[in-house]
Each structure stands twice: as C-alpha cells, then as structure tokens.
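Keep the structure in view as you read.

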Amino acid sequence: MALVGVALVLLVGTLARIPGSGGGKESPAHFLVQEKSECRFRNGTQQVRLLWRLIYDQQEIVHFDSDRGEFEAVTEFGEAIADAWNRDEEYLQDFKAAVGRCRYNYEALQSNSVVGRRAKPTVTISPANMDPTSSNTILLCTMTGFYPMEIQVQWLKNGWPEKGGVTFRKHQNGDWTYQLLVMLETQTQRGDVYTCKVEHASLEAPITVQWEPHSSRSARAKIWTGIMGAVIGVAFLAVGIFSYLKAKKAIPIQPPAGWIYVYPRHV
C-alpha cells in the first residue's frame, strides 16, 4: 500500500496475552514469543492505521488490523487465540484505542524535529582514476547532510542521461542525516560536460553541479606549469634588460670631434 507522508514503526505497548493452552497444543520446553507494532500514517495524522503481529517461534500466528477492528488468525495455532481475544470486548477495545497512541508518538517525534525535518544536501563532484591501467575516469557525485533519506540522483552527459557504469553507496550519519555517493565510470573527452542532478524534498528546485574534462587535475597541472614557465621567462628577461642597461651606463661618453679640453692647473 502506497503511503503519503510518513510511515513509522512505533511500539504501542504490550497488550497481548496468550491464552493458556492456545489450541490444545502443548508448548515446547523452549520457545520465543514476539510482538511487532507498526503505525502507518496518511496526510500527517488524518488517517492512522495500526498493524500488530504476534509471532510464535519465528512464525506469525495472529495479527490485528485497526482498519478491520478485530484479531485475525494467520495459522491454525492462532485460531483459538484470535477467537478468545475477539470475545473479550474490553481487551478488543484496548487495541482499537491504541491508534491514539500512534498519533501521540507521531506528534512527539514531530515536536523533536524528527518527523517533517528537512535538511538540504551538499553536492560536489570529484574525478578519480582507481585503475591506473584503465583509460576510463571515475566521477564521484557526493551528497552529504540531507534528510529525509529519499533522494533522486541522475548523471547527465552533454544534457543526456547516463545509465551505464553507475553505482550507489549510502550511509547514515550520527545526526540522523544521510550521505550518498554515486559513481559514474566513463571515457571523458575534451569538450564534454558532465552534470550531477539531485532532487530532494528539501529543495524547491533540483541542484545541478557540472564537471568538464579540461578542469581535471592533469589539465590544471599543465596550466600551472605553463604559468610558472612564463613567470620564469619574464624573470630572466628582466635580469637581461637590467644587465644591459647597467653595462650601457658604464660606457664613457666621447666628446664631439674638434672639442678641446682645458684642464685647470693645480694650485
């Protein structure tokens, strides 16, 4: 059943009590009895559904669905139990009222900013070549710090969806936020534009981050090498000009032809 809003698994308390003999079947010396409660919500708390299950030795034997309002047997062993609980009007009403406990827990979680919380993802792209013998490039689109968990990610190459070579890795952080790594293995060419497009409930519009092969680490290294070479060349040119001007200044200026210097006598 598709749920609109949020689905939470919440404990509504231990309400079940198993009749002594069950269906006349003797219990083994060692056995395990479990109960699981699930609260399902539509449009906030406007529609709440409680599903409760009784599990005996890893097998569900009885369940309660608040939409039906009664206990139902799942196995033959659970038939006597379901019949006994349905005849106990007070006990049956306790389960029907447990839906209110679902609403209470929902509102309590919402007040603590767990339900309805929205945290925007931070999106980055980084290239990597994990296999030195391969000509392929691994592009990593990383999304961090987002909540809730549901998120849509798509790789685009020159505006067209990329489907091959895509893998996902998702982790939960200690602060209830999530992080997701989406890897794309591809052969890059100069002029291609790769885009990581992210859609999330916290965003009014999708986030798009682009990467181009010429902005890769090797390309930036070549650019910096060219810049450093130009700087060194300018430095050598400046030294050469300075040396030339200094040498030119040391050459004595010859007087024009026909000039006669008169030296003063020593007194």
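Two strands pair if DSSP finds at least two bridges between them. Strands (E, at least two residues) and helices (H or I, at least four) are DSSP runs, numbered from the N terminus. This is a predicted model: local features need pLDDT of at least 70, side-chain atom pairs count only at pLDDT 80 or more, and totals for chains, interfaces and linings use all residues. Residues are numbered from 1 along each chain as its sequence is written, and side-chain values use heavy atoms, with hydrogens and water left out.

Q: What makes S8 and S12 a pair?
A: Pairing takes at least two bridges. S8 (residues 151-157) and S12 (residues 194-200) are joined by 7 and run antiparallel, so they pair. Valine 153 faces valine 198 in S12.

Q: How do you know that S8 and S9 pair?
A: They share 2 antiparallel bridges, and the rule asks for at least two, so they pair. Lysine 157 has tryptophan 160 in S9 as its bridge partner. The two strands form a hairpin with 2 residues between them. Asparagine 158, in that turn, has a positive phi of about 55°.

Q: Why do S9 and S13 count as edges?
A: The open antiparallel sheet has the order S9-S8-S12-S13. S9 and S13 (207-211) each have a single partner strand, so one side of each lacks a neighbour in the sheet. S13 pairs with S12 over 5 bridges.

Q: What is in contact with valine 62?
A: Contact means heavy atoms within 4.5 Å. Leaving aside neighbours within four places in sequence, the contacts of valine 62 include Trp52, Phe71 and Trp85.
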